[in-house]
Amino acid sequence: MSLRAHARNVLATWSAPTAEEERLRQEFLEHVHAHEDSMWRECVPGHLTATTAVVSHDGERVLLTLHPKAGMWLPMGGHCERDDASLDAVALREAVEESGIPGLRLLPGPLALDRHRVWCHPPHSHHLDVEYGAVAPADVEAVISDESLDLRWFPIDEIPELSDEATRRLARRAREAMRSTQAR
């Protein structure tokens, strides 16, 4: 199955938890159907990306990167690559690359959808972001990548103002998903 077919399947079967995310789910599906290059950075109107909130082993903290272009504390994430087999794989690859943490455990997802303006194609285009969560092993050290100005753990209920509501929502949902999988 191609990455585009996988994305179509994920979006077609995902149950959006809010009316706004249901609207985004439909928009993302229409975009994937309309653009053969919808998975790639080259898609000018916008392209699918994957983001991952990395939570601590106890679910109390989230690892955020100080994004150099956005100037905000954000979760790990980025563009699909030609050898990615699934959105899950994109989410996990980006989280490992940007956190430097091996052994992350991806939570069942997606957990959220978000659409935001970016600078891939000036003056701007959009990331159609499919968002996941991952759990870090206990006692790991994050390693800052060249894609970040800084990398820090924050209590999920105390994410700094220099962030956004999508980040806060994703961190809370990752914590809930982690707790839900532990209760099973």
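Which strand does H126 lie in? H126 sits in strand β7, where strands (E, at least two residues) and helices (H or I, at least four) are DSSP runs numbered from the N terminus. Keep in mind that this is a predicted model, in which local features need pLDDT of at least 70, side-chain atom pairs count only at pLDDT 80 or more, and totals for chains, interfaces and linings use all residues. Residues are numbered from 1 along each chain as its sequence is written, and side-chain values use heavy atoms, with hydrogens and water left out.

Back to H126: its relative accessible area is 14%, so this residue is buried (buried is under 20% relative accessible area, exposed over 50%, partly exposed in between, with a 1.4 Å probe and protein chains only). Not counting residues up to four places away in sequence, H126 touches P45, G46, H47, R115, H116, R117 and V118; contact here means heavy atoms within 4.5 Å.

Take L87: leaving out residues up to four places away in sequence, its contacts are L3, H6, A7, V10, M39, L48, A50, C80, V130 and Y132.

The axes of α1 and α2 come within 10 Å and cross at roughly 155° (axes are lines fitted to C-alpha atoms, for helices over the stretch in contact, and angles run from 0 to 180 degrees between N-to-C directions). That angle is why α1 counts as roughly antiparallel to α2, the cut-off being over 145 degrees, with under 35 roughly parallel, 65 to 115 roughly perpendicular and the rest oblique. On the α1 side, R4, R8, L11 and A12 meet R25, F28, L29, V32 and H33 of α2.

Finally, find G71 in the loop between β2 (61-66) and β3 (73-74). G71 is partly exposed, at 30% relative accessibility. Leaving aside neighbours within four places in sequence, G71 is in contact with L66 and L162. The C-alpha atoms of G71 and L162 are 7.9 Å apart, though 91 residues separate the two along the chain.
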